[in-house]
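Take each task in turn, try it yourself, and then follow the solution step by step.

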Amino acid sequence: GKVAFITGAARGQGRSHAVRLAQEGADIIGIDVLDDIPGAPYGPATEDDLAETVRQVEALDRRIVATKADVRDYDGLKSALDAGVAQLGRLDIVSANAGISTAMAPAQDLSEELWVDMVDVNLTGVWRTCKAAIPHLKAAGGGSIILTSSDAGLFAFPNIAHYVSAKHGVVGLMRTLALELAPDVRVNSVCPGYVDTDMVRRDYIEQADDPAAAEQEVLNFAPMKRMATVDEIA
């Protein structure tokens, strides 16, 4: 009987979160950018991807309001969320999941554009999501916010200073919001390692000169010697 707002809902972890929450009885408000992100070496989610999320949620006999919106655009994001709340009646859960990965380079060699786009989506976009959602959560009497960070939000990796900085920022934002919104709204972050998604496969693996070696490098890094599945994160 609760309503969940999920960013980046068209595929990957976002779709899995939508489906799992629907399985648990929630209705869904979902957004995705459905557009190219500069510097990202993989294609964007598509209208068909978002439609598949809708299909899977509705197959569970739950309602879903799915909209094209960009976490870099606060007014558009807020409008999509407000419209979903108006249709579904309330908001109880926020999954600030939308995120990107872009080209890798030593910090001194990262372009201004790569840094700005990464931080704008992966950190500022999470803040915008919370900013738009908090009044609705308070109106409903409380709720839960889950921010998707990364293991790169807990420790460093070379050649992705923009990603590490943004994801560390998400953890800091979580801790601050948890203090500001207690006791009515619970705020947590989840910090996955490598998850078997299009982003990881197209970015870290398929773009490599030797994809098989790149995948083995990923597996070697993971203590379980495999990538996590989206369902496990959900």
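**Exercise 1. The surface**

How many Å² does the accessible surface of the chain come to, and what percentage of it belongs to carbon and sulfur atoms?

Solution. Before starting, note that this is a predicted model, in which local features need pLDDT of at least 70 and side-chain atom pairs count only at pLDDT 80 or more, while totals for chains, interfaces and linings use all residues. Residues are numbered from 1 along each chain as its sequence is written, and side-chain values use heavy atoms, with hydrogens and water left out.

Step 1: the accessible surface (Shrake-Rupley method with a 1.4 Å probe; for residues, only the protein chains shown count as cover) comes to about 10900 Å².
Step 2: carbon and sulfur atoms hold 50% of that surface.

**Exercise 2. The overall build**

Work out which elements the chain has, and whether its radius of gyration agrees with the globule rule.

Solution. 
Step 1: count the elements, which are DSSP runs numbered from the N terminus (helices: H or I, at least four residues; strands: E, at least two). The chain has 8 helices and 6 strands.
Step 2: read their order from the N terminus, which is β-α-β-α-β-α-β-α-β-α-β-α-α-α.
Step 3: take the radius of gyration over C-alpha atoms, with the globule rule being 2.2 Å times the number of residues to the power 0.38. For 234 residues, a compact globule would have a value near 17 Å, and the chain agrees because its own value is 17 Å.
Step 4: along the principal axes, the C-alpha atoms fill a box of roughly 50 × 35 × 30 Å.
Step 5: look at contacts (heavy atoms within 4.5 Å). Of the contacts with a separation of 6 or more, 72% are between residues 24 or more positions apart.
Step 6: turn to burial, where buried means under 20% relative accessible area, exposed over 50%, and partly exposed in between (1.4 Å probe, protein chains only). Buried residues make up 49% of the 234 in the chain.

**Exercise 3. Charges and salt bridges**

Find how many salt bridges the whole structure has, and examine three of them.

Solution. 
Step 1: count the charges, with Lys and Arg as positive and Asp and Glu as negative; His and the chain ends are not counted. There are 21 positive and 34 negative side chains, and the centres of the two sets are 8 Å apart. Each charge is placed at NZ of Lys, CZ of Arg, CG of Asp or CD of Glu.
Step 2: search for salt bridges (a side-chain nitrogen of Lys or Arg within 4 Å of a carboxyl oxygen of Asp or Glu). The search finds 9 of them.
Step 3: one of these joins Arg62 and Asp27, at 3.2 Å from N to O. Arg62 sits in the loop between α2 (47–58) and β3 (64–68) and Asp27 in strand β2 (residues 27–32), so the pair ties together parts 35 residues apart in sequence. Arg62 is partly exposed at 25%, whereas Asp27 is buried at 5%. Asp27, Arg62 and Arg63 are linked in a network of salt bridges.
Step 4: Asp120 pairs with Arg128, with their closest N and O atoms 2.8 Å apart. Both residues are buried. Arg128 belongs to helix α4 (residues 112–139), and among the residues it touches are Val71 and Tyr74.
Step 5: Arg226 and Glu232 meet at 2.7 Å, N to O. Arg226 is partly exposed at 33%, and Glu232 is partly exposed at 44%.

**Exercise 4. Backbone details**

Solution. 
Step 1: Most residues other than glycine have a negative phi, and most peptide bonds are trans.
Step 2: the bond from Ala182 to Pro183 is cis, with omega near 5 degrees. Pro183 lies in the loop between α5 (161–181) and β6 (185–190).
Step 3: Leu34 has a phi near 55 degrees. Leu34 is in the loop between β2 and α2 and is buried at 11% relative accessibility.
Step 4: Asn159 has a phi near 75 degrees. Asn159 is in the loop between β5 (143–148) and α5, and is partly exposed at 35%.

Conventions. Lists of a residue's contacts leave out its neighbours within four places in sequence.
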